[in-house]
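Hi,

Here is the structure I promised to pass on.

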Amino acid sequence: MSEGEGVSRRSVLLGAGAAAGALGVGGGGRQWLLDGLDEPHAVEQFLDRNAVLHGYCEPNCRGKCALDVHVRNGQIRKVEPKIQGNEAYKRACTLGQSHAQRVYNPTRVKYPMKRTDWSPGNPNPTGRGPDATFERISWDEALDYVGDEMLRVREEYGPESVYFELGSGGGGINGTIYSRLSGLFGGTMKAWSIDINVGLGFRRITGAGYFNTPTNQATDIENANTIVIWGGNIFESRFQMDASKILDAKENGAKIVVVDPVYNTTTAKADMWLPIKPGKDGHLAMAMIQVAFEEDLLDETFLRERTLGPALVREDGSLLKTADVFDDGDEETPVALDEVTGEPVALEPETFGEYALFGEFEVAGETVTTGLTKVREAAAPYAPEEIEELIGVDAANVRQTVRWLGTRGPGGILTGLGVDRYVYGHIFGQAYAILLALLGQYGMSGCVTGGITQGNGYNSDYGVPEGAPGSRSLQQKGILAALEGDDEQPIKAMYAMSSNFIANQMPDRKRWLAALENVDMVAVADFQHTPNVQRADIILPASHWMEREDITGTWTNPHARYRAAAHEPLWEAKSDHWMLVRLAERLGYGEYFERDRETTLRQILAAEDRFTLDDLREQGSIYIDTPEVIWQGEFATPSGRLEIYDEDAPSEGDVSLEVPVPLESRTADDWETADEYPLTFLQKHSRWRIHSQFGRMPSLRQIETEPVVDIHPSDAADRGIENGEYVRVHNQRGEVFVKARLNEGYRPGMVNINQGWWEDDFVGGHHNDLTHTDVSDAIENFAFYDVRVDVEPAPDDLDTSQYTDPDRDPWLAASGNGGGDQ
């Protein structure tokens, strides 16, 4: 076979030194990455295909953007945005258009492998890690090992001791199949402890929110008159959709305000920048609430009709209910006071009345006040002028922002995920939901209530079969405890799919790696040799997304997607569906799965009556009629109203949160280690990765070549640090060595290393060796930004040759863009 007929050695390598430069191949346990490159993969069945195929992107990114995949002579040659069911949603970023480099990347996992010093009954867990070596085995051997160990652990410890870890590195039907298998087996799966803080705080008020907070469709953003972008660099991390719509709104005359401690790509496009100090978001939100009251910007009609603002509150903090007042009342419906008659009335959802909004009253023999009075009292100490120095934002600019929100018509707050990464970020979610309620910014075109625009997908009833035991669900902090053995059902076997969590993405990484030593068998399915793969006992090579037919919905735009397979998986890679069905057969559940992928797709879509698999195959992307404007009608709260006063509030220590009370963890100036570790440490998203994905793309690594720490010049000068010098970033948990990048866009007192770098990208240490697993009492959400560090020059003998040696592998110059010779 000639090179033009298959996948050439040159095209797979993307240049002679690509693999060596990316993963340090050339010795030790990773030489196998290059094995077999002289064995071209047969794709003869596709040689006559010269076509543009339906595709979509599938990382942990919210757009799942529709793509056109250009195939020539059986190889992917170009990927570009697709014009889909609704042309307003044509978008795809640089990452999504670079998939040809991922498909033919030398860092792909090519064959099933076994760690050489692992065997059933003798796991030798200390052998896992950077120096682990592997040997090639067959697929039957690999799946036999995994299945036998799962069955042994179930027999010895119970089914919950088998952990089915599903990461966020993929989508489509894989997770559906995986969850079905775990539910049949009775294993453990994780619930999230990442990026749920603000969403769950917002949910207490509105009845909705989890990963961020819901708002109207993206196409409605252009109708907003004021947009406050809070805690998100939209033009670097969400440019697949939100960014373009914000620019549309700006062209239509909208005022753009950005709340962020960093002057960044998004801030540069703002009419006003509020350079908040890290961790002070709850304080700033309360200052805005105080301004809304003081300057009489309240939408009183909205407050009476759709909120618990008029609800009467007892002295003990509970709401007065109709059962307390009327003979035929109940224990759920709150009570308000009619200002005209002076009589108590039931406060039904979506019902307007001349209810009292403020004041103290005697009703049914009890002293009561209104929920809105409680909110006003809570906000009173946070006048912008009083906390200007604390939050780092000019009081006049705080006031102007609230005036814009309160007087220019529909608008609101577009949230990123930055505030989620503080311990008490949920209080900000509670507070800003209340602020928007005070201003009436719900239920209209142009209202912006959060960061998740309306998506859609397909209907399916393909879940865990009736009668199956189902999966045990633990939040990730609970997963850590079970890995450490502090649980009645400790985790003893683990199968990780689409996940680079434990070895790279989890906070206090060294603690997770130590916990992994309690596990007898770790199997990892992935298509690149990630740090998680390097910690496996059994490695299962997964196909790339574009090597398998699939379907998906989207988080943030209302489409169902279809993707055709460009060609068969390269080397010995297989789809996760292929692996899981055969594993299910070994575990005794084969009757619940189909080996044929098309049959499985049709089963998954069996409950869908709006379109078929054939419709998807023909159209590629189907627009699903979805309301453009949300928050119309009753809210999904117990009262059916926005619960701006929350009688069922959680507590943080001795602080009860019926109304917001700003709290801080490590960002507080008086934190116990503030003197020893004076700098707040962030790890923001990079535009050149999706978390830890796309980190081995030669063309992208030419742009972001190695990790750096952003530090303000004044902080660098205080420490004798020059721009481009290697430094040590450290605290009591760990250290990491990176180059310093002097950056005036960051406030003094804070530093940043972009998250997602792999461990061998660092010349020493790891950025998640600095983070911790402390969570709030109310929500088990990991706080990646609530971290303190210090920075000092690196020692002179630090080995930086992987970046500084002029004779190092020239992989950065190898930026091939697809199969075959270019």
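**Salt bridges**

Glu598 and Arg617 form a salt bridge, with 3.4 Å between the closest N and O atoms. Glu598 lies in helix H20 (residues 597-604) and Arg617 in helix H21 (residues 613-619), so this pair ties together parts that are 19 residues apart in sequence. Glu598 is partly exposed at 32% relative accessible area, and Arg617 is partly exposed too, at 25%. Do keep in mind that this is a predicted model.

In total the structure holds 55 salt bridges. Arg472 and Asp487 meet through their side chains at 2.8 Å, N to O. Arg472 lies in strand S17 (residues 472-475) and Asp487 in that loop, so the bridge ties together parts 15 residues apart in sequence. Arg472 counts as buried because its relative accessibility is 16%, under the 20% cut-off, whereas Asp487 is partly exposed at 27%.

The other one is Glu484 with Arg511, whose closest N and O atoms are 2.8 Å apart. Glu484 lies in the loop between H15 and S18 and Arg511 in helix H17 (residues 509-515), so here the parts tied together are 27 residues apart in sequence. Glu484 is partly exposed at 24%, as is Arg511 at 30%.

There is also a network of salt bridges that links Glu58, Arg548, Asp550, Arg563 and Arg597.

**Rings**

I found 21 aromatic pairs in the structure. One of them is Trp230 with Phe428, a tilted pair at 4.6 Å centre to centre with 50 degrees between the planes. This pair links distant parts of the chain: Trp230 is in strand S8 (residues 226-230) and Phe428 in helix H14 (residues 425-438), 198 residues apart. Trp230 counts as buried at 0% relative accessibility, and Phe428 is buried at 2%. Both rings belong to a cluster linked by ring pairs, along with Phe202, Phe302, Tyr432, Tyr442, Trp631 and Phe635.

The charged end of Arg136 sits over the ring of Tyr111, 3.5 Å from its centre, and Lys110 lies over the face of Trp571, 5.1 Å from the ring centre.

**Cores**

The largest nonpolar core has 106 residues, and Ile76, Met150, Leu181, Tyr495, Ile551 and Phe593 have the most contacts inside it. Beyond its neighbours within four places in sequence, Phe593 is in contact with residues including Ile177, Leu181, Tyr462 and Val581. A second, separate core has 63 residues, among them Ala311, Ala437, Ile630 and Ile644.

Cheers

Key
Residues numbered from 1 in each chain as written. Predicted model: local features only at pLDDT ≥ 70, side-chain atom pairs only at ≥ 80, totals over all residues. Heavy atoms only, no water. Core = buried A, V, L, I, M, F, W, Y, C linked by side-chain atoms within 4.5 Å. Buried < 20%, exposed > 50% of the residue type's maximum accessible area, 1.4 Å probe, protein only. Contact = heavy atoms within 4.5 Å. Phe/Tyr/Trp six-rings, centres within 6.5 Å; stacked < 30°, edge-to-face > 60°. Helix = DSSP H or I, 4+ residues; strand = E, 2+ residues; numbered from the N terminus. Lys NZ or Arg CZ within 6 Å of the ring centre and 35° of its normal. Salt bridge = Lys/Arg side-chain N within 4 Å of Asp/Glu carboxyl O.
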